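I opened this notebook to record what I looked up in one structure. The entries follow the order in which I checked things.

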Amino acid sequence: MTHSFTRRALGATLLLPALWAGCDDTTEPPIVDMGTHHVDQDLPPLECEATGAEVRYRITTLHIPTPDEADGGATVGQNVDDADSVCGVPDYPGGVDNSLIDLNAALPALAPDDPIDLQAEIDNALGCPSDASPAECTRLDLVVGVTPGSACANVQVRNGAGEALAAPFVAHATNGTLRGRVPQLALSIPYQAETMAVDIDLSVTNVVLSAEISEGALTNIVIGGSLAQVAFEDTIRDLLPLLGGEISFEDIRGILSNLYDVQLGGTCAALSVGLTGSATAVGEP
């Protein structure tokens, strides 16, 4: 088991390549063997016959865990790659993968006078009234639809307009707990820049979603997945000029190179993410 101190030590060194060693280091992360592979023997059924009507839950809190929470033993993500620590990046206890914790903790130091605060932007968007002025905020609606079955559930994630953000998938639903996987989730976070809201479009892959479910709420939501390096870095390159600050992609490159902890095709080429949250039952959109 990896101690969280080791991960904290990694986070404390992330800024060194970007701030002191220059930003032209293009050394690729090492390719490391996948290690022990853990196969989930309790897969959900391919189909789930509905035993009731769909209940829709709007996500009201979505939280990027912090290093302090990880050190304190809080749940901070999922085991995304079903593997032990790879790519030179240690997992959190239980094999949990979440390099977003370290990235989010490092970003504010790049521009202390005008820091990037992803959590504040998520909170602002989720709490934004539907009739708010675009200059004030842009509302983020993430709606999880759950249609119950016998020890299973059909799950669909949509935006506020009812458009699918992920393909429908079947999840386990036993003893008040929901757990399932979906290949991809299109997550778009509004970021309130100097003159307008800019969407941070993230294609999260190999997604694992779990939650405690009741008729009125989803609690203890944990979402895990990964961001493919090429697509994620293209998003950052396009996004930074729109934010209006002084941070360039070269400022972030050195941080990212230390965080790719999920292998794609045998190469360390994806960054793990983990989010926690809660949702409240709502009516039709």
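**Entry 1. Whole chain**

I noted at the outset that this is a predicted model. I looked up the secondary structure and found seven helices and nine strands in the protein chain. The chain has 285 residues, and 46% of them count as buried. I then took the contacts between residues at least 6 apart in sequence; of these, 65% join residues at least 24 apart. For the surface I got an accessible area of about 13,700 Å², with 55% of it belonging to carbon and sulfur atoms.

**Entry 2. Nonpolar cores**

Which residues have the most contacts inside the largest nonpolar core? I found Phe-232 and Leu-256, in a core of 60 residues. Strand 6, residues 197-213, gives the most to this core, with seven residues.

I listed the neighbours of Leu-256, leaving out residues up to four places away in sequence. Leu-256 touches Leu-103, Phe-232, Glu-233, Ile-236, Phe-249 and Leu-271.

I went to strand 2, residues 142-148, next. Six of its seven residues are buried, so strand 2 is largely enclosed by the rest of the structure.

I checked what strand 2 pairs with. Strand 1, residues 55-63, runs antiparallel to strand 2 and is joined to it by four bridges. Here I found Arg-56 opposite Gly-145 of strand 2. Strand 3, residues 152-159, also pairs with strand 2 in an antiparallel way, through seven bridges. On this side, Pro-148 has Ala-153 of strand 3 as its bridge partner.

What lies between strand 2 and strand 3? I found a hairpin with three residues between the two strands, and Ala-151 in the turn has a positive phi of about 60°.

**Entry 3. Disulfides**

How many disulfides does the structure hold? I counted three. With bonded cysteines counted along the chain, their pattern is 1-5, 2-6, 3-4.

Cys-48 is joined to Cys-152, with an S to S distance of 2.0 Å. The angle about this S-S bond is 85°, and the link is right-handed. Cys-48 lies in the loop between helix 2 (15-19) and strand 1, and Cys-152 lies in strand 3, so the pair ties together parts that are 104 residues apart in sequence. I found Cys-48 and Cys-152 buried.

Cys-87 and Cys-268 make another disulfide, with their sulfur atoms 2.2 Å apart. I read -95° about the S-S bond, a left-handed link. Cys-87 lies in the loop between helix 3 (67-71) and helix 4 (100-106), whereas Cys-268 is in strand 9 (residues 267-282), so this pair ties together parts that are 181 residues apart in sequence. Both Cys-87 and Cys-268 are buried.

Cys-128 and Cys-137 form a disulfide with sulfur atoms 2.0 Å apart. Their link is right-handed, with 75° about the S-S bond. I looked up the relative accessible areas: Cys-128 is buried at 2%, and Cys-137 is buried at 5%.

**Entry 4. Salt bridges**

I counted seven salt bridges. Arg-58 forms one with Asp-141, with the closest N and O atoms 2.4 Å apart. Arg-58 lies in strand 1 and Asp-141 in the loop between helix 5 (118-126) and strand 2, so the pair ties together parts that are 83 residues apart in sequence. I checked burial here too: Arg-58 and Asp-141 are both buried.

Asp-141 also meets Arg-139 in a salt bridge, at 3.1 Å from N to O. Arg-139 is partly exposed, with a relative accessible area of 32%.

In helix 6, residues 229-243, I looked at Arg-237 and Asp-234, which are three residues apart, about one turn of the helix. Their side chains meet in a salt bridge of 3.4 Å, N to O. Are these two residues buried or partly exposed? Arg-237 is partly exposed at 37% relative accessibility, and Asp-234 is partly exposed at 36%.

Last, I noted a network of salt bridges that links Glu-54, Arg-56 and Arg-158. Arg-56 is the residue I had found opposite Gly-145 of strand 2.

Conventions: Residues are numbered from 1 along each chain as its sequence is written. This is a predicted model: local features need pLDDT of at least 70, side-chain atom pairs count only at pLDDT 80 or more; totals for chains, interfaces and linings use all residues. Side-chain values use heavy atoms; hydrogens and water are left out. Buried means under 20% relative accessible area, exposed over 50%, partly exposed in between (1.4 Å probe, protein chains only). Contact means heavy atoms within 4.5 Å. Accessible areas come from the Shrake-Rupley method with a 1.4 Å probe; for residues, only the protein chains shown count as cover. A nonpolar core is a set of buried Ala, Val, Leu, Ile, Met, Phe, Trp, Tyr and Cys residues joined through side-chain atoms within 4.5 Å. Two strands pair if DSSP finds at least two bridges between them. A disulfide is a pair of cysteine sulfur atoms within 2.5 Å. A salt bridge is a side-chain nitrogen of Lys or Arg within 4 Å of a carboxyl oxygen of Asp or Glu.
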